[in-house]
Amino acid sequence: MYDLLIAPFVDFEFMRRALVGSLALALAGAPLGVFLVLRRMALSGDAMAHAILPGAALGYLVAGLSLPAMTLGGLAAGFTVALASGLVARATILREDASLAGLYLVSLALGVTLVSLRGSNIDLLHVLFGNVLALDEGTLKLLAAISTLTLLGFALLYRPLVMETLDPAFTSATTGAGAATQLAFLALLVLNLVAGFQALGTLMSVGLMMLPATAARLWTQRLGATIALAALFGIISAYAGLIGSYALGLPSGPSIVLAAGCVYFVSLIFGATGGMLRSRPKRRHLEA
């Protein structure tokens, strides 16, 4: 058991770096994922993850696989798409989800095209799927900084975010802070998607955020417990995914997301508050 569960992290520094980076993503992404589920924005989070690709691709064209350039480019693209989708929703008959879907599809195609202009297929795979085993010291510091900033920002936003999630009309009418809260929440979301992009790529970065949060929602109805459980599921998924990839020779990023998917499917069946077995209507006594 030691050789399988502990030795890889003791013997190999790249495994330790991958674990630390994945844990930072899990801790920061858990509260954001829970609120995305509660606000029915799960697919919006996925769309935003794809929307950062053109900016990261521009950073790659300018400076190659440079962490600062691709990070700044991803941030700029993410904020641009978020603001543009809001403007389109206000200026046309389209709702925000429809405008965001259109923009993210264009962004994804544009990003892949930009990377293909200069890079190889290996570079394209790195941008799309990341490489959590290749995290260096600079990337770990970035992930730690974004994780810390996210948790601090979330602590400040918690009360107005809960109010705005439960009753946005009341919050807007009484405090006028609804739009500011929404913008701050989107800013934290973009930051974490950019951080996740460094490790898991643009196609996978939202997986470690959404799957544990969705699974946690099936076990409890208490908000604080849901956030804590989502973080725990994310940590378990990161560890199990890395162990599985090491033992079976599988790609690490997809293995982490697949581990989170296993937690999600188990929760779908056995979840204490919303699982399939718990949701079945009970038969009355002596009823056929």
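The dialogue below walks through a predicted model, feature by feature.

Student: What should I know about the model before I start?

Tutor: It's predicted, with local features needing pLDDT of at least 70, side-chain atom pairs counting only at pLDDT 80 or more, and totals for chains, interfaces and linings using all residues. Residues are numbered from 1 along each chain as its sequence is written, and side-chain values use heavy atoms, with hydrogens and water left out.

Student: How many helices and strands does the protein chain have?

Tutor: Helices (H or I, at least four residues) and strands (E, at least two) are DSSP runs, numbered from the N terminus. Here you get 15 helices and zero strands.

Student: And what share of the protein chain is buried?

Tutor: Buried means under 20% relative accessible area, exposed is over 50%, and partly exposed is in between, using a 1.4 Å probe and protein chains only. Of the 288 residues in the protein chain, 47% are buried.

Student: How do I read aromatic pairs?

Tutor: Rings of Phe, Tyr and Trp (its six-membered ring) pair if their centres lie within 6.5 Å; planes under 30 degrees apart count as stacked, over 60 as edge-to-face and the rest as tilted. This structure holds seven such pairs. Take Phe 12 and Phe 14: their ring centres are 5.4 Å apart and the planes sit at 40°, so that pair is tilted. Phe 12 is partly exposed at 30% relative accessibility, and Phe 14 is partly exposed too, at 34%. Then look at Phe 35 and Tyr 158, with centres 6.4 Å apart and planes at 90°, so that pair is edge-to-face.

Student: Which residues do ring pairs link into a cluster?

Tutor: Phe 12, Phe 14 and Tyr 246.

Student: At what angle do H3 and H13 pack?

Tutor: Axes are lines fitted to C-alpha atoms, for helices over the stretch in contact, and angles run from 0 to 180 degrees between N-to-C directions. H3 and helix H13 (residues 223–248) pack at about 145°, with axes 8 Å apart. For contacts, the cut-off is heavy atoms within 4.5 Å. On the H3 side, the residues meeting H13 include Met 15, Leu 19, Pro 31 and Phe 35; on the H13 side, Ile 227, Gly 234 and Tyr 246 are among them.

Student: Is Ser 205 buried or exposed?

Tutor: Ser 205 counts as buried, at 5% relative accessibility. You'll find Ser 205 in the loop between helix H11 (178–200) and helix H12 (207–217). Leaving aside neighbours within four places in sequence, Ser 205 contacts Ala 49, Leu 193, Gly 196, Phe 197 and Leu 200.

Student: Which residues does Leu 142 touch?

Tutor: Not counting residues up to four places away in sequence, Leu 142 touches Leu 67, Thr 71 and Gln 198. Leu 142 sits in helix H9.
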